[in-house]
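Please look over the sequence and the structure shown here before reading on. The paragraphs that follow move from strands and their neighbours to the contacts between charged side chains.

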Amino acid sequence: MGKEIKWLTYDSTVGELYDSPVGHDALAKVLLQIGLPEKVITNKAVSGLKLRTIANLTKKQLGTDFFDALLNLVDSEHDEPRASKGKITPKWWKEVVFYQIYPRSFCDNNGDGIGDLQGIISKLDYLQKLGIDALWLSPIYDSPNDDNGYDIRDYDKIMEEFGTMEDFDQLLAEVHKRDMRLIMDLVVNHTSDEHIWYKQARQPNSPYRDYYFFRKDDGSHTPPNNWTSFFSGSAWNYEEDTDSWALHLFSKKQMDLNWENPRVREDVIAMVNRWLDKGVDGFRMDVINYISKEEGLPQGNETIGNLMGFPGIEHYYYGPKLHQYLREIREKAFEPHGAFSVGETPGLGMKMCQLVTGEERKELDMVFSFDHLETPGHVRLEDYEYDLNYFRDYMIDWMENYGNNCWMSLFYNNHDNPRMISKITKDASHHTALSKLLAVMQLTLKGTPFIFQGDEMGLANYDFTSMDQITDVEAKGYYAEHIGKESEEKVFADILAGTREHARVLLPWNKKLPPCHEGLYQKPKKEVLYAYRRLLRLRHEEKAFVYGSFRVLCRKKDRFVYARALEGKVYVVDCNLGAKPCMAFRLKERCKIVYDTVRTGKDERGNSGASNAVISRKLRKGGMLQGYEARILRIL
Ligand code: TEU
Ligand code: CA
C-alpha cells in the first residue's frame with residue numbers, strides 16, 4: 001500500500017516536508033490561516049532550502065521549537081495516501097442526498113418550544129417529497145444540554161424533551177418504511193461530566209478513573225499543560241476535592257475520554273453495536289480525529305497555537321493511534337452491520353483525509369473537512385465577505401485530486417455555522433439567487449450532498465440584536481474572553497457574523513419559539529424549495545452527477561463551468577459566481593437547458609415551457625447569465 005515515507009530531519013528540505021502527507025497538510029493549513037498562497041512554499045528558491053536554514057532564518061517569528069513540533073507530527077505518519085484514478089465502487093451512501101436535522105430546532109410537535117422526535121416523524125413526508133433519502137440526526141441522547149446534546153449523559157436513553165425510546169423506534173421504522181436511511185450522531189471524544197463513568201471516575205480509586213484524563217496538581221496550582229478549550233479558556237478543570245485537573249477540549253462539562261484505555265474502547269464499541277442492532281444505518285462521528293492524544297499530553301507549541309487559535313492542537317488533531325482506533329470500531333461494529341460512517345474531522349487537510357477515507361484502508365467511509373468554509377486568512381467568528389472564487393478553486397482541487405478510492409461530502413452549512421448565503425453577502429436581494437446557485441453546485445458536483453435543515457427554505461442569518469438571544473456555549477465563551485480586550489461593538493459584530501446560533505433557531509414552520517428567540521422569523525422561500533426538489537430529482541435520475549467524471553471548462557474570475565459525464569451522457573454546469581451579469585459559456589455542441597435557476601424558478605416540475613427554446617437559440621449566440629445565475633445543460 002504505497003511506498004514508505006522517509007523520516008524527516010533538519011537536513012530535509014522544505015520541498016521534502018511539503019511532499020510528506022502530514023507536512024503538506026500542516027503547511028497548507030498554516031498558509032490558509034495567514035492568507036498566503038501555496039507558491040510561497042513551492043517556489044524553487046524556497047523548496048530547496050534545508051529546514052535548518054529556514055528554522056534559523058525564522059527563529060524570531062516562529063520560535064526555536066516550531067520545526068521540532070512540525071517534524072514530530074510529520075514523522076508520526078509513514079503511509080502515503082493513494083489517489084486512485086480507477087473505477088468508483090458503487091455504494092448507497094454515494095447515491096443518496098442527506099439532510100441534517102438539528103432536533104432541538106427542527107419541528108416541535110407538542111408546542112413546548114423545543115423540537116422533538118414526533119415533530120421529525122410529522123415531517124418525513126415533506127422530506128421524502130423533497131427527494132431526501134437519508135437523514136443525519138444531531139444528538140438525541142440524554143444530556144444536560146450544556147452543548148445541546150453534544151454532552152451526553154446516557155448513550156442508551158433519549159433526551160426527555162425529545163421523547164422516548166418508543167418514539168425513536170417509531171421514527172426509525174417510519175424512515176425505513178419510506179426507503180430512507182437514518183444515521184445517528186456519535187459523540188465519543190468526550191462525555192458529559194454527568195455521565196455515570198465520569199461520576200465514578202471522580203473517585204481516585206475507581207476503576208473508571210482511567211476512563212478520562214486526570215492529572216494530580218504538581219503544587220503550582222496551574223493546569224498540567226497549555227492546551228485550550230474550543231470554547232475559550234484552559235482545557236483543564238480543577239477539582240478541589242482530589243486536588244487534580246481533568247481535561248476537556250470543549251465545554252467544562254464535556255470531559256475527554258481516554259481512548260488509550262482498552263476498556264473505554266470496548267464500552268464505546270458495545271454501545272455503538274447496541275444502536276446498530278436496533279437498525280440505524282450508520283454514524284456521523286463527532287470530532288473523531290481528536291480521540292488519540294499524544295502520550296504524556298505535551299505542552300503545545302506556542303507558534304502553532306497562535307496560528308491556529310488553539311494551543312495544543314498538534315498533539316491530538318491527527319494523533320498517533322487515530323488510524324488504529326478507527327479500524328477497531330470499523331472492524332468490531334460498522335463492518336459486521338454494513339454500517340456507514342462519516343467522520344467530523346476539523347483541521348484535516350486533503351492528504352490526511354485520504355489517509356482516513358481511502359477505501360483500501362478500512363477506516364472511515366467519508367469525512368467532513370472544513371477548509372472550504374472560510375476564505376484564506378479568515379475565521380468563522382469574524383465579520384467578512386466570503387469569496388466564492390475560493391470555493392471554486394477548493395472544489396476543483398478536491399474533485400481532481402482526492403481520488404476515486406475516496407469520496408467527498410458536499411456541504412455549506414451545519415449546526416456549527418452561520419448560513420453561507422449571508423456570509424457571501426449581507427445584501428438580502430441576492431439571497432434567493434445565491435441559495436439556488438449553491439444548490440446547483442452542491443447537487444451536481446462529485447460527492448455526497450448534506451443539506452442542512454432550512455437550506456431548502458432559503459434561510460439566511462438572523463438579525464440578533466443582543467447577547468440575550470444567543471444561547472450557545474461557544475459564543476458565550478467567546479464573548480466573555482474578548483469583551484475586555486476589544487470594543488463591545490466589534491465583539492458582537494464578530495459573533496453576529498459567525499455564531500452557531502444562526503443554525504439553531506426553530507424553523508419557521510413552528511409557531512412557538514423559546515423566549516430568547518421570540519419574534520425571530522424568516523419567511524420560507526417556496527422558490528428555493530422548488531429549486532431543491534427539481535435538482536434532487538435530477539440528481540437521482542441522472543447517475544452522471546453521482547459517478548460521472550468531472551472536468552473544468554472555465555475557472556476565470558467569478559466563473560465556474562464544469563462538465564459531468566457518464567456513459568456518453570454529458571452535462572455542463574455553468575455558474576456565475578458574481579453579482580454582476582456575465583456572458584454565458586459558449587459550447588460548440590448543440591445542447592439543451594435542463595435547469596436554470598432564473599428561468600425555471602417558479603415551476604415545481606421544472607417545466608420552463610417555451611422559454612427553453614428561446615434560451616437555446618440565444619445560447620448558440622452566447623447569451624447572458626444574470627448575477628449568481630446557474631444553468632445546467634445537456635449536450636445533445
Ligand atoms: O464540533 C467540533 C468543532 O471543532 C467545531 O466545529 C466547533 O463546534 C467549533 O466550531 C469550534 O470552533 C463538534 C460539533 O459539531 C459541535 O456542535 C460540538 O459543540 C463539538 O463537536 C463538541 O462536541
Ligand atoms: Ca416539543
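Which residue of S12 does Gly282 stand opposite? The residue opposite Gly282 is Phe340 in S12. This is a predicted model, in which local features need pLDDT of at least 70 and side-chain atom pairs count only at pLDDT 80 or more, while totals for chains, interfaces and linings use all residues. Residues are numbered from 1 along each chain as its sequence is written, chains are lettered from A and ligands numbered from 1 in the order in which they are written, and side-chain values use heavy atoms, with hydrogens and water left out.

Strand S12 covers residues 340-344, and because five of its five residues are buried, the strand is largely enclosed by the rest of the structure. Here buried means under 20% relative accessible area, exposed means over 50%, and partly exposed lies in between, with a 1.4 Å probe and protein chains only; helices (H or I, at least four residues) and strands (E, at least two) are DSSP runs numbered from the N terminus. In a regular strand the side chains alternate between the two faces of the sheet. Both faces of S12 are covered, with Phe340, Val342 and Glu344 buried on one side and Ser341 and Gly343 buried on the other.

The neighbours of S12 can be taken in turn. S11 and S12 pair in the parallel sense over four bridges, where two strands pair if DSSP finds at least two bridges between them. S12 is also joined to S13 by three bridges, and these two strands run parallel, with Val342 standing opposite Met366 in S13. S12, H16 and S13 together make a right-handed β-α-β unit, right-handed meaning that, with the strands pointing away from the viewer, the path from the first strand over the helix to the second runs clockwise.

On its other pairing, S11 is joined to S5 by four bridges, and the two run parallel. Strand S5 (residues 181-186) has five of its six residues buried, so S5 is largely enclosed by the rest of the structure. S5 also pairs in the parallel sense with strand S2 (residues 134-137), over four bridges. Met184 in S5 stands opposite Leu137, and the bridge partner of Met184 in S11 is Phe283.

Elsewhere, five strands form an open sheet in the order S16-S17-S18-S22-S20, with antiparallel pairing. S16 and strand S20 (591-596) stand at the edges with a single partner strand each, so one side of each is left without a neighbour in the sheet. The twist of this sheet averages 25 degrees from one strand to the next; axes are lines fitted to C-alpha atoms, for helices over the stretch in contact, and angles run from 0 to 180 degrees between N-to-C directions. S20 is joined to strand S22 (residues 630-635) by five bridges, the two running antiparallel, and Ile593 stands opposite Leu633 in S22. Helix H22 (residues 526-541) lies across S20 and S22, running at about 135 degrees to S20, and contact here means heavy atoms within 4.5 Å.

A search of the whole structure finds 50 salt bridges, a salt bridge being a side-chain nitrogen of Lys or Arg within 4 Å of a carboxyl oxygen of Asp or Glu. One of them joins Lys293 and Asp256, whose closest N and O atoms are 2.8 Å apart. This pair links distant parts of the chain, 37 residues apart, with Lys293 in the loop between strand S11 (282-285) and helix H14 (302-308) and Asp256 in strand S10 (residues 254-256). Lys293 counts as buried at 5% relative accessibility, and Asp256 counts as buried at 0%.

Glu360 forms a salt bridge with Arg82, the closest N and O atoms being 3.5 Å apart. The two lie 278 residues apart, Glu360 in the loop between helix H16 (350-357) and strand S13 (366-368) and Arg82 in the loop between helix H7 (66-74) and helix H8 (92-95). Both are partly exposed, Glu360 with a relative accessible area of 25% and Arg82 with 39%.

Asp393 and Arg555 meet in a salt bridge with an N to O distance of 3.1 Å. Asp393 is in helix H17 (residues 388-401), whereas Arg555 is in the loop between strand S16 (549-554) and strand S17 (559-566), 162 residues apart.
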